[in-house]
Amino acid sequence: MDPQQLRTFVTVSRLASFSEAARELGYTQSAVSQQIAALEADVGAALLARRPVGPTEAGRRLLEHAAPLLVRLEAARADVARLAGAPSARLVLGATPLAVGAELGHALGEVRRVHPRTEPVVRVLAQGVLPAQVATGEVDLALIDGLAAPSDPLPLPDVGPLRTVAVDEQPIAVALPAGHPLAGRSGLALADLSAARWLDAPDLTPPVARLRAAAGVDGFRPATRYQGTDLRGLLALVAAGHGLTLLPEPVLAAVPGVAGAPITSPRLVHRTELVHGSLPEGPAALLARLLARSPEEVQADQA
């Protein structure tokens, strides 16, 4: 299966247009049509209906395979390029919003001390896109957070031979309006909150489907959807009574109008992992070593 034909098929399917796909890819429309015809001959099935343009049943099935296949190809290219290339002064870190903290600030300070010509770039992005960006070299490494059982790895997609290292685990609490009847409880069962109003903020907090899976019950219907990575805005909605959400317990300390109650059943933590591929010696490799240090090593350095 030709990778370029597969990319063209994905682009036509996304844009629902041969002409728009040709414009985006820099081909003629006839070249796009020829690539789709060659791919259909290769797999032995019609993949795209022509009027209107859209994937057939076979095409929809191929699309399920196409995205991970193309990511793995780009990941392989980027991995070999990193190993074969000269040492780079570039440092681009991807991070989910709740993974950015004081430890990262300290580590970046040490990187700038050792590599004074480096200008670090931090890109705050949603969890779903970061593993692929690490694999394909769009970012050098990433800090990704999420909900997990204690000491369990985060359920990240398989996009290539990436290394993951746990860098932090914090207790989880439900964020409530300050006057909520459950505010101040010493512990709550997640399943008991399934009928409550919830905020669905997938770029910041565990999606409601993850809450259902963790609690083992239905429910957790979103009352309000929050699209974005601004934590202050999310907490303002909590304070105003628009819904509950799960956050690391330390985040909720001293937030006006918001109270937190620990989740004690099931046992869950807010876990942050460092994710990276091969890293030739340079600023990115140094940052990876600093972020992967144990708390004992950090305290020893500060003593």
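Three elements, β8 (198-200), α7 (208-215) and β10 (245-248), each give at least two residues to the lining of the largest cavity. The model is a predicted one, and it holds one cavity of 30 Å³ or more. The volume of the largest cavity comes out at about 30 Å³. Around it sit W198, L199, T205, P206, V208, L211, T245 and L246. Sorted by type, that lining has six nonpolar residues, two polar ones and no charged ones.

Charged side chains turn up elsewhere, with a count of 13 salt bridges. One of these links D200 to R225, with the closest N and O atoms 2.7 Å apart. D200 belongs to strand β8 and R225 to strand β9 (residues 222-225), so this pair ties together parts that lie 25 residues apart in sequence.

Shared partners join E169, R271 and E273 into one salt-bridge network.

R61 is exposed, with 53% relative accessibility, and so is E64, with 57%.

Helix α4 (residues 57-84) also carries L69, which is partly exposed at a relative accessible area of 42%. Together with M1 and V43, L69 makes up a nonpolar surface patch with about 260 Å² of accessible area.

Notes:
Residues are numbered from 1 along each chain as its sequence is written. This is a predicted model: local features need pLDDT of at least 70, side-chain atom pairs count only at pLDDT 80 or more; totals for chains, interfaces and linings use all residues. Side-chain values use heavy atoms; hydrogens and water are left out. On a 1 Å grid over the protein atoms alone, a cavity is a set of points where a 1.4 Å probe fits but cannot get out, and a pocket is an open set with protein on both sides within 12 Å along at least five of seven lines; lining residues have an atom within 4 Å of a point. Grid points are joined across faces, edges and corners, and a volume is the space filled by probe spheres set on the points. Helices (H or I, at least four residues) and strands (E, at least two) are DSSP runs, numbered from the N terminus. Ala, Val, Leu, Ile, Met, Phe, Trp, Tyr, Cys and Pro count as nonpolar, Asp, Glu, Lys and Arg as charged, and the others, Gly among them, as polar. Patches are made of residues with over 30% relative accessible area and no salt bridge: like charges are joined within 9 Å, nonpolar side chains (Val, Leu, Ile, Met, Phe, Trp, Tyr) within 5 Å. Accessible areas come from the Shrake-Rupley method with a 1.4 Å probe; for residues, only the protein chains shown count as cover. A salt bridge is a side-chain nitrogen of Lys or Arg within 4 Å of a carboxyl oxygen of Asp or Glu. Buried means under 20% relative accessible area, exposed over 50%, partly exposed in between (1.4 Å probe, protein chains only).
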